[in-house]
Protein chains: 2
Amino acid sequence: MQETDAYKKYADALIAEGLFLPTGVKGVFGFNAHFQQIIDHLEALITRIGKPLNPEVVRFPPVWSRAHYGCTDHLRTFPNLLGSVHSFTGDDAQHNTLLQKFEKKEDWGAGLLSTDLVLTPAACYPLYPTAKGTLPEGGRTVDISNYVFRHEPSDDPARMQIFRMHEFVRLGTPTEALAHRDDWLQRGLELLLSLGLNCAAVVANDPFFGKANRLMKATQKEQELKYEIVCPICSDENPTAITSSNYHLDHFSLTFDIKTSDGHIAHTACIGFGIERITLALFKTHGLNSNKWPEKVRKILVLP
Amino acid sequence: MQETDAYKKYADALIAEGLFLPTGVKGVFGFNAHFQQIIDHLEALITRIGKPLNPEVVRFPPVWSRAHYGCTDHLRTFPNLLGSVHSFTGDDAQHNTLLQKFEKKEDWGAGLLSTDLVLTPAACYPLYPTAKGTLPEGGRTVDISNYVFRHEPSDDPARMQIFRMHEFVRLGTPTEALAHRDDWLQRGLELLLSLGLNCAAVVANDPFFGKANRLMKATQKEQELKYEIVCPICSDENPTAITSSNYHLDHFSLTFDIKTSDGHIAHTACIGFGIERITLALFKTHGLNSNKWPEKVRKILVLP
């Protein structure tokens, strides 16, 4: 209850300040120039931090192949978060039926057909099918930033249904993947602390769906495969994950047949910066007027 | 047939050069650093061109409220282009049923439920419900750039299912809206000609769906409500619309109750630059290596 109040209070403040434009749907907002400016400068900062590693830059759109989606275990583990894209492919008569449903305020969406697309569930997913085959010697390091979708309507302004995830992904040997995860966890934490955010790294697990997947949460945590960098936004007791760093072992490489240059199955790891969440943490921590943020923070973000 | 060959040839060249990463779905591609750099510089250029008008900057995500969508006539006029977002909201037992469908390779998407969201059909649509009420004196000019979705799988690399649309929208009196449309048509044409694109402005109509809407095409053309700036990409005979400039009369203002400061129903107009299409026109016109583009073009785009 108290948290719900805190969510509402922060969302209302963001709306009153004009930073958020409500769309009438929970967790979906427009942004004004001020909010968007922080997003843009944060994206540029994260790109700069990664530059010394000389990553390839790859960008994917907010939708992804349903066939590739079906190769992952997302439908098994996070069906509730999925965004499946449907459309109308009928003729004039079927169109009339659709419009009649609509007029009667029935669920007109139910008659639509599945397209070849789903909304991208995580920024790095679309990369793996394109990496099928043998990696170059030394593997690959990739800078990715995409919109990702999670169907979890919430009053928490930091828990959006669609948001930008800026990732650095490593594909290589187990040693290379694990080192990437650990180095980036440190690098990410230093970056976020330098921005004045009161954050910390914690072992975490994904919110796997249903009873059948309960064991996966425990195993993931026990094996320390996932770390999150958490920061209080609307609650000190339940800080928000603003970044996460994951070691996938051979999970994606087995699915999409990715091998190291010496013919072994590859391992992968990634760090993902939640751009809107970090932006919301900055506004919460330093106030709703970025002109008044600490000079040090403004300088790191290269705000004009 | 010849055009299909030309589509394939250009798409293959883009893939061979690494500019496009195929996703296995028609009209959905990843981009490499080189392609993305042109997109970023083009977006910045368009923002600069609009700066003297001192527009508000507003950004919306790739998804939009289903309820607001239902207020428009999109389902009546372009149902075939719609992207409706569906998800799973059931329990463990229903999840099992879903997975069984999936295992049997049935259309598992058919069992999902409509969410509160659709993919954004046009960049300016999400703006109108937020503008409900009375406009300030002199109206509003808004700089918008969003992803938009159109379910039209095509072999034409310039006809993507999801792409960026950078718009300048005017909400005001009929005179203000019409002047915006005409001024921007001129400004847009000059900009695109300055980039060395062999383009021209033509009266156009939207591809309204079905027999019932045939008359709308003719009326729209007759009233000269829509202009497109077209440029040959894969075909000289059928150049591609890379920008469009529209006068909506009171269409959106009646739907979303937008009034001028003196209490009349507002009129709206917009120009929309198709970012990926312009980028593809540039690569087609000047070659696949932007380092070798004409110095004048590189300078206007501020390429490093």
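So, salt bridges between domain 1 and domain 2 of chain A: the count is zero. Keep in mind that this is a predicted model. The domain assignment makes domain 1 of chain A out of two stretches, 3–83 and 121–301, and domain 2 is 84–120. The C-alpha centres of domain 1 and domain 2 of chain A are 32 Å apart. There is contact, though: 15 residues on the domain 1 side of chain A touch ten residues of domain 2 of chain A. Together, domain 1 and domain 2 of chain A bury about 1100 Å² between them, and carbon and sulfur atoms give 57% of that. If you want names on the domain 1 side, look at A:Val63, A:Arg66 and A:Gly83, which lose the most area to domain 2 of chain A and together make up 54% of what that side buries.

Okay, on to the two chains. What do chain B and chain A bury between them? About 5200 Å², with 69% of it on carbon and sulfur atoms. In residues, that's 63 of chain B in contact with 63 of chain A. And here we do get salt bridges: the count between chain B and chain A is two. I'll show you A:Arg76 with B:Glu103, where the closest N and O atoms sit 2.7 Å apart.

How are the copies arranged? In general, two copies of a chain are related by a rotation about an axis and a shift along it. For our pair, chain B goes onto chain A with a rotation of 180 degrees and 0.0 Å of shift along the axis, at an RMSD of 0.0 Å. The two copies are thus related as by a two-fold rotation axis. To find that axis on screen, go to B:Val85: of the residues of chain B, its C-alpha comes closest, at 2.5 Å. Also, 100% of the interface residues of chain B are interface residues in chain A too, so the copies meet through the same surface.

Back to salt bridges, now inside a chain. How many does the structure hold over all chains? The answer is 22. Take A:Glu56 and A:Arg140, whose closest N and O atoms are 2.8 Å apart. That pair links distant parts of the chain, with A:Glu56 in strand E3 (residues 56–59) of chain A and A:Arg140 in strand E8 (residues 140–149) of chain A, 84 residues apart. Are they buried or exposed? A:Glu56 is partly exposed, at 32% relative accessible area, while A:Arg140 counts as buried at 15%.

Next one: A:Asp206 forms a salt bridge with A:Lys226, with closest N and O atoms 3.1 Å apart. A:Asp206 lies in the loop between strand E10 (200–204) and helix H8 (214–222) of chain A, and A:Lys226 is in strand E11 (residues 226–231) of chain A, so the pair ties together parts that are 20 residues apart in sequence. Both A:Asp206 and A:Lys226 are buried.

Over in chain B, have a look at B:Asp257 and B:Lys259, a salt bridge with closest N and O atoms 2.9 Å apart. B:Asp257 counts as partly exposed, at 31% relative accessibility, and B:Lys259 is partly exposed as well, at 29%.

Now a helix. H7 of chain A has 21 residues, 174–194, which at 1.5 Å a residue should span 30 Å, and its end C-alpha atoms are 30 Å apart, so that agrees. Which of its residues are buried? There's quite a list, including A:His180, A:Arg181, A:Trp184, A:Leu185 and A:Ser194. Just after H7(A) comes A:Gly196, which takes a positive phi of about 80 degrees.

Last stop, B:Leu19. You'll find B:Leu19 in the loop between helix H1 (2–16) and strand E1 (20–22) of chain B. B:Leu19 has a relative accessible area of 0%, so this residue is buried. What is B:Leu19 in contact with, leaving aside its neighbours within four places in sequence? Among them are B:Leu14, B:Phe31, B:Phe35, B:Phe283 and B:Leu288. And B:Tyr128, 109 residues along the chain from B:Leu19, has its C-alpha 35 Å from that of B:Leu19.

Key:
Residues numbered from 1 in each chain as written. Chains lettered and ligands numbered in written order. Predicted model: local features only at pLDDT ≥ 70, side-chain atom pairs only at ≥ 80, totals over all residues. Heavy atoms only, no water. Least-squares fit on C-alpha atoms with pLDDT ≥ 70 in both. Contact = heavy atoms within 4.5 Å. Helix = DSSP H or I, 4+ residues; strand = E, 2+ residues; numbered from the N terminus. Expected span 1.5 Å × (residues − 1). Buried < 20%, exposed > 50% of the residue type's maximum accessible area, 1.4 Å probe, protein only. Domains from an automatic or database assignment. Buried area = accessible area lost by both parts, 1.4 Å probe. Salt bridge = Lys/Arg side-chain N within 4 Å of Asp/Glu carboxyl O.
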